[in-house]
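The following note was prepared for a colleague who asked for a written reading of the coordinates. Please consult the sequence and the model alongside the numbered points.

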Amino acid sequence: MINCKESTQLTIKKEESKLTLREKLELSFHLLICKYCKAFSKQNSWVNSMSEKLNVQDSFSNAEKEAMDATLKDSNQ
Amino acid sequence: MSKHQLTPENWINLYADQLLSYAIVRVPERDAAKDLVQDTFFTALKSKDSFRGEISEKNWLYLILRSRILDYYKKKKEVLESDFDSDDNDDDSFDDKGHWMDSRMPKNWSTDDIIQNKEFMHTFLRCKAALKEVQAQVFTMKYIDGEDSETICKELGISSSNYWVLIHRAKVQLRSCLEKNWFDK
């Protein structure tokens, strides 16, 4: 029988299909009886898909851009 | 097919913000992200003679930025090594028997309509930045850049067993941080 720590480790390893048959069975069994690890597994997949879509728009200030532009032009002489 | 040209005089205007947005989700501090972008432009300028026009100027700049980010990770190697030492003893998510600690037990999340939520994206980045640096790095390479574990181990010079410990710790911590700072609020 595996514990919750091991179940979450296997949940993550499973993403790269690195589980043995025994590990797969033990994980499936654990997830049937543990609602916390079941929630972890679901949230883990969601975090993965979220990470791929992670998109944050950021920008330099105009002063920063002007300074960079000036230095760049200097070194391009 | 015509070859792509470089126009350094337009770089800042055209690409500075795009490159910064790319870097900001990959390194923990905004200042570091800015430095990396600036560094990218200077590296590009210095190596402009090696540009053969086979890819667009934009993609070329992205390639340089990606390699600057990887260099940045590698420079953190001392930090990485000190992180490994303490890594086995700071698990506050599970008890000695490997059961969830009460405060860390996953609750149900309501994830509808979050994908477009900018506030959530910032919470996500803050939680990622709150991880130990080495954990944040492996997480970024794996889940944001989509590299496989072998590549990451090779690039960062870590063993496979270290990798699995780090990525497990990163995800357990990140989950808990998101729950506390977003889903529980």
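1. Conventions. This is a predicted model, in which local features need pLDDT of at least 70 and side-chain atom pairs count only at pLDDT 80 or more, while totals for chains, interfaces and linings use all residues. Residues are numbered from 1 along each chain as its sequence is written, and chains are lettered from A and ligands numbered from 1 in the order in which they are written.

2. Chain B overall. The secondary structure comprises 8 helices and 0 strands; helices (H or I, at least four residues) and strands (E, at least two) are DSSP runs numbered from the N terminus. The C-alpha trace of chain B spans about 65 × 40 × 30 Å along its principal axes. Of its 185 residues, 32% count as buried, that is, with 20 or more other C-beta atoms within 10 Å of their own; 12 or fewer makes a residue exposed, anything in between partly exposed, and the C-beta atoms are placed from the backbone. Among contacts in chain B between residues at least 6 apart in sequence, 68% join residues at least 24 apart; a contact requires C-beta atoms, placed from the backbone, to lie within 7 Å.

3. Helix H3 of chain B. The helix covers residues 57-75, and its 19 residues should span 27 Å at 1.5 Å a residue, which agrees with end C-alpha atoms 27 Å apart. The expected span is 1.5 Å times one less than the number of residues. Buried residues in H3(B) are Glu57(B), Trp60(B), Leu61(B), Leu65(B), Ile69(B) and Tyr73(B). Their cover includes H1, H2, H6 and helix H7 (149-156) of chain B.

4. Packing of H1(B) on H3(B). The two helices pack at an angle of about 35° with their axes 11 Å apart; axes are lines fitted to C-alpha atoms, for helices over the stretch in contact, and angles run from 0 to 180 degrees between N-to-C directions. From H1(B), Tyr15(B), Leu19(B), Tyr22(B) and Ala23(B) meet Lys58(B), Leu61(B), Tyr62(B), Leu65(B) and Ile69(B) of H3(B). By class, this contact has 8 nonpolar, no polar and 1 charged residues, where Ala, Val, Leu, Ile, Met, Phe, Trp, Tyr, Cys and Pro count as nonpolar, Asp, Glu, Lys and Arg as charged, and the others, Gly among them, as polar.

5. Domains of chain B. The assignment gives domain 1 (8-75) and domain 2 (77-183), with bounds from an automatic or database domain assignment. Their centres, taken over C-alpha atoms, are separated by 26 Å. Domain 1 gives 7 residues to the contact and domain 2 gives 10 residues.

6. Contact between the chains. Chain B contributes 41 residues and chain A 34 residues. On the side of chain B, the elements giving two or more residues are H1 (11-24), H2 (30-46), H5 (118-129), H6 (133-144) and H8 (160-183). That side divides into 25 nonpolar, 8 polar and 8 charged residues.

7. Two serines. Ser75(A) belongs to helix H4 (residues 62-75) of chain A and counts as exposed because it has 12 C-beta neighbours inside 10 Å. Leaving aside neighbours within four places in sequence, Ser75(A) is in contact with Phe42(B) and Leu45(B). Ser56(B) lies in the loop between H2 and H3 of chain B and is exposed, with 11 other C-beta atoms within 10 Å. Ser56(B) and Leu6(B), 50 residues apart in sequence, are 8.5 Å apart in space, C-alpha to C-alpha.
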